[in-house]
Amino acid sequence: MQTYIALLRGINVSGKRILLMADLRAMLYKMHFQNVKTYIQSGNVVFSSPNISSEKELEILLEEAIFKTFGYEVPVIVRDVENWHKIARTNPFLSTNPAEIDRLYVIFLANEPSSDLIHKINPESFFPDKFELNGKEVYTFYDSKYSNSKLTHALFESKWKVKATARNWKTVQKLAEML
């Protein structure tokens, strides 16, 4: 049995697409997932799957189930436990800014961006904010706040043509602990 983390984007924000975590857990149990746990109301789910071993397959399955159950189109990005622990260990900004974890985020991409699109985002254009792409994750360090920056998941989605969602470093760490 494999353990996964599902990240839902855009739920429970500004009174839109309200999805209670208890209802989300119930949906996953009904789908025969096990050990379902949620963290805060923004759509972070840890669960085990006895049958499915593909992150992509789980993303599609969960998106379809959420739409069928709640009537919302909600993008979902899934990582397995091994990938999550790697993400939690390899943040390049953690060693240079360890006391400033409130300004560290990870933007999770559904797919690795196409090499011909990567150049569409110039890191120097966002200075003093910084980012580093590592596979399907974009590690970011914000000079002030994520909400004050143009370096957001929406930018990566539009320029790199990939589905994306962001989590702050405290959430990344908490989910790693929950595994």
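Buried, in these notes, means under 20% relative accessible area, exposed means over 50%, and partly exposed lies in between, with a 1.4 Å probe and protein chains only. By that cut-off I find that buried residues make up 45% of the 179 residues in the chain.

**Ground rules.** I am working on a predicted model, in which local features need pLDDT of at least 70 and side-chain atom pairs count only at pLDDT 80 or more, whereas totals for chains, interfaces and linings use all residues. I number residues from 1 along each chain as its sequence is written, and side-chain values use heavy atoms, with hydrogens and water left out.

**Overall form.** I looked up the radius of gyration, taken over C-alpha atoms, against the globule rule of 2.2 Å times the number of residues to the power 0.38. For 179 residues a compact globule would have a value near 16 Å, and the chain agrees with this, at 16 Å. The C-alpha trace spans about 45 × 35 × 30 Å along its principal axes. The chain exposes about 9,200 Å², of which carbon and sulfur atoms supply 50%; accessible areas come from the Shrake-Rupley method with a 1.4 Å probe, and for residues only the protein chains shown count as cover. Taking contact as heavy atoms within 4.5 Å, I note that residues 24 or more positions apart account for 69% of the contacts with a separation of 6 or more.

**Elements.** I take helices (H or I, at least four residues) and strands (E, at least two) as DSSP runs, numbered from the N terminus. The chain has five helices and eight strands, and their order from the N terminus is β-α-β-β-α-β-α-β-β-β-α-β-α.

**First sheet.** Two strands count as paired if DSSP finds at least two bridges between them. On that basis I record an open sheet of four strands, ordered 2-3-1-4, with antiparallel pairing. Strand 2 (34-39) and strand 4 (76-80) are the edge strands, each pairing on one side only. Neighbouring strands are turned by 20 degrees against each other on average, direction ignored; for such angles, axes are lines fitted to C-alpha atoms, for helices over the stretch in contact, and the values run from 0 to 180 degrees between N-to-C directions.

I then went through the pairs in turn. Strand 2 and strand 3 (residues 44-49) are antiparallel over four bridges, and lysine 37 stands opposite valine 46 in strand 3. Strand 1 is joined to strand 3 by six bridges, again antiparallel, with leucine 7 opposite asparagine 44. Strand 1 also pairs with strand 4 in the antiparallel sense over five bridges, where tyrosine 4 stands opposite aspartate 80. Five of the seven residues of strand 1 are buried, so this strand is largely enclosed by the rest of the structure.

**Helices on that sheet.** Helix 5 (residues 169-178) lies across strand 1, strand 2 and strand 3, running at about 155 degrees to strand 2.

**Cores.** A nonpolar core is a set of buried Ala, Val, Leu, Ile, Met, Phe, Trp, Tyr and Cys residues joined through side-chain atoms within 4.5 Å. The largest one has 21 residues, of which Leu8, Leu24, Leu28, Phe47 and Leu62 touch the most other members. Strand 1, helix 1 (21-30), strand 3, helix 2 and strand 4 each supply at least two residues of this core. Leaving aside neighbours within four places in sequence, I find leucine 28 in contact with Phe33, Val36, Val45, Phe47 and Leu62. A second, separate core of 18 residues includes Leu7, Val46, Ile87 and Ala110.

Four strands form another open sheet, in the order 6-7-5-8, and the pairing is antiparallel. Strand 6 (130-134) and strand 8 (164-168) stand at the edges with a single partner strand each, so one side of each is left without a neighbour in the sheet. The twist from one strand to the next averages 20 degrees. Strand 5 and strand 7 (residues 137-141) pair over five bridges in the antiparallel sense, and leucine 104 stands opposite phenylalanine 141.

**Valine 106.** Valine 106 is buried, with a relative accessible area of 0%. Not counting residues up to four places away in sequence, valine 106 touches several residues, among them Ile87, Tyr139, Trp169 and Val172.
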